[in-house]
Amino acid sequence: QRSPYSTSSRMDNPEATSLLKKYQIKSTLLADKGVEATLVSWTTKPFTKKGDNFSAFITSIVVTYILDNREETVTYVAKINPCRYDTGFDEVQNTFFKREGQFYMEILNDINKELLKSEISTIAFPKCYYANYEMMKEVIIFQDLRSFDFKLSDRKRGMDLQHATLLIKSLARFHSGSILLQQKLSNFNLKKKYIELGNDIWVKNKKIQDVWLVNGLQTGLEIVQAVKGYGRVKDMLENIIEDVEERFFSHNFKSTPPFDVVVHGDCWTNNALYKYDSEGRPMQVMLLDAEICRFGSLALDLNYFMAISLDGSTRKTYTDHLLNQYYKSFCELLNSCDGVIPFTMDELREEFQRKKSYGHFWAISVLPLLLMSNEDLIDYGEFTECNKDEATKLWHEATVASLQTNQHMKSRLLAIFDEMMET
């Protein structure tokens, strides 16, 4: 769920890393290791590859410090403003950083405090040690989960059942935790307490709608016309594109009690890290990247995840199984904390079906970007407000052309089209 015009595809970005300052590293070390730790030195070390990041520059920070008379080394991960100018999205990007910072520093902390009262394990996200929201100088610094052997799975492969089950259960605990927070603090409104949750960048902002969704849907429309036989999907795409604010965003983002939770907003393969056992089986998952979290129906996350991260066969075979696993984990957390379960399994299925098109349309928009080979990816970070039409044209042409050679992308998109034909 990112603009193709802001793809951070470079391994290094000296201008972005220059935003990191010594006092920020010292604050991070203090939050992590305590007041007795003394900073000795630090340096950045790029580790991402083309296609891994789409809205910010990500790098690691290698820190040397002294604690208890011993010199030690620790690594952190920094999310930094990518320093792209003339894109016209400075304020939006600033909103993303503010929202993610508030999520980690406030929302997640408050949920976990409620869980710890009942001696329940906390929600699985990395620790966040530092955040700066100054415009064009935004920085957030996190725990480096690679130090604990967590790894990305392959974004270009449909997620298998083991990975999907771990993620869906973790997502359920996160959603359930936000329900618990509402129930325990009965007179409190999440959107009033956490201001960024109510700052809806999608509605009433045509520029954002066009770049993040409509351009992708228009590419999808070209694909539908190229493959033939999907006239109904073509009609559905044209209908949404005609009034995306009302027919997509306003329709899906309206309050839907009792299903309203803090939704992740971008729950897909690349926003989760897994830890594996000695035989390569996933044993633990950590969710990442909450920059577009919002208040809304939990079914938005469920449909977005399944449409974008699973291939058609896995989705068709295991959707009901995954929903059952989700509901079981959702209820377990609330029951352990004396919370009230707000809906039945049948009601969850009905809400999931009502929001199914949300996942379909996002999948059409972003799957080509996510599944394009690294060699074919266009670095849209080089495009500006002045040449965005050229960027759009190049992206459309590259995507349609890749259908001839990228069978994986083609099969994933056709599976989405088939599901839409059956709706």
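## Cysteines

The sulfur of C128 lies 12 Å from the closest cysteine sulfur, that of C293, which is too far for a bond. C128 is counted as buried at 15% relative accessibility; here buried denotes under 20% relative accessible area, exposed over 50%, and partly exposed the range in between, with a 1.4 Å probe and protein chains only. C267 likewise takes part in no disulfide, the nearest cysteine sulfur, in C293, being 13 Å away. C267 is buried, with a relative accessible area of 1%. A search of the whole structure returns 0 disulfides, a disulfide being a pair of cysteine sulfur atoms within 2.5 Å.

The model is predicted: local features need pLDDT of at least 70 and side-chain atom pairs count only at pLDDT 80 or more, whereas totals for chains, interfaces and linings use all residues. Residues are numbered from 1 along each chain as its sequence is written, and side-chain values use heavy atoms, with hydrogens and water left out.

## Nonpolar cores

The largest nonpolar core comprises 58 residues, and F103, L298, L302 and F305 have the most contacts inside it. Such a core is a set of buried Ala, Val, Leu, Ile, Met, Phe, Trp, Tyr and Cys residues joined through side-chain atoms within 4.5 Å. Helix α4 (residues 161-184) gives the most to this core, namely 9 residues; helices (H or I, at least four residues) and strands (E, at least two) are DSSP runs numbered from the N terminus. Another core, of 43 residues, lies apart from the largest one and includes L217, F253, W362 and L371.

With residues up to four places away in sequence excluded, F305 touches M159, A164, L167, I168, C267, W268 and L310, where contact means heavy atoms within 4.5 Å. In soluble globular proteins, nonpolar side chains tend to be buried together.

## Helix packing

Helix α3 (residues 90-117) packs against α4 at an angle of about 75°, with the axes 9 Å apart. Axes are lines fitted to C-alpha atoms, for helices over the stretch in contact, and angles run from 0 to 180 degrees between N-to-C directions. α3 and α4 are therefore roughly perpendicular to each other; angles of 65 to 115 degrees fall in that class, those under 35 count as roughly parallel, those over 145 as roughly antiparallel, and the rest as oblique. On the α3 side the contact is made by F103, D110, I111, E114 and L115, and on the α4 side by R173, F174, G177, S178, L180, L181 and K184.

Helices α6 (residues 206-227) and α12 (residues 356-371) pack at about 85°, their axes being 8 Å apart. This arrangement makes α6 roughly perpendicular to α12. W212, L213, G216, L217, G220 and I223 of α6 meet F361, W362, I364, S365 and P368 of α12.

## The open sheet

An open sheet is formed by 3 strands in the order β6-β8-β9, with antiparallel pairing; two strands pair if DSSP finds at least two bridges between them. β6 (150-152) and β9 (282-287) are the edge strands, each pairing on one side only. From one strand to the next, the twist averages 40°.

Strand β8 (residues 272-276) is joined to β9 by 5 bridges, and the two run antiparallel. Y276 stands opposite P282 in β9. Helix α4 packs on the sheet and touches β8 and β9, its direction making about 45° with that of β9.

R294 is located in strand β10 (residues 294-297) and counts as buried at 7% relative accessibility. Leaving aside neighbours within four places in sequence, R294 contacts R99, L197, D200, F253, V261, V262 and V263. R294 and D200 are 94 residues apart in sequence, while their C-alpha atoms are 7.8 Å apart in space.

Q143 belongs to strand β5 (residues 139-143) and is buried at 15% relative accessibility. With neighbours within four places in sequence left aside, Q143 is in contact with V77, P126, K127, Y129 and F148.

## Backbone features

A cis peptide bond joins P257 and P258, with omega about 10°. P258 is in the loop between α8 (244-253) and β7 (260-263).

Positive phi values occur in two aspartates: D68, with phi near 55°, and D289, with phi near 60°. D68 occupies the loop between β2 (57-67) and β3 (70-80) and is exposed at 58% relative accessibility. D289, in the loop between β9 and β10, is buried at 13% relative accessibility.
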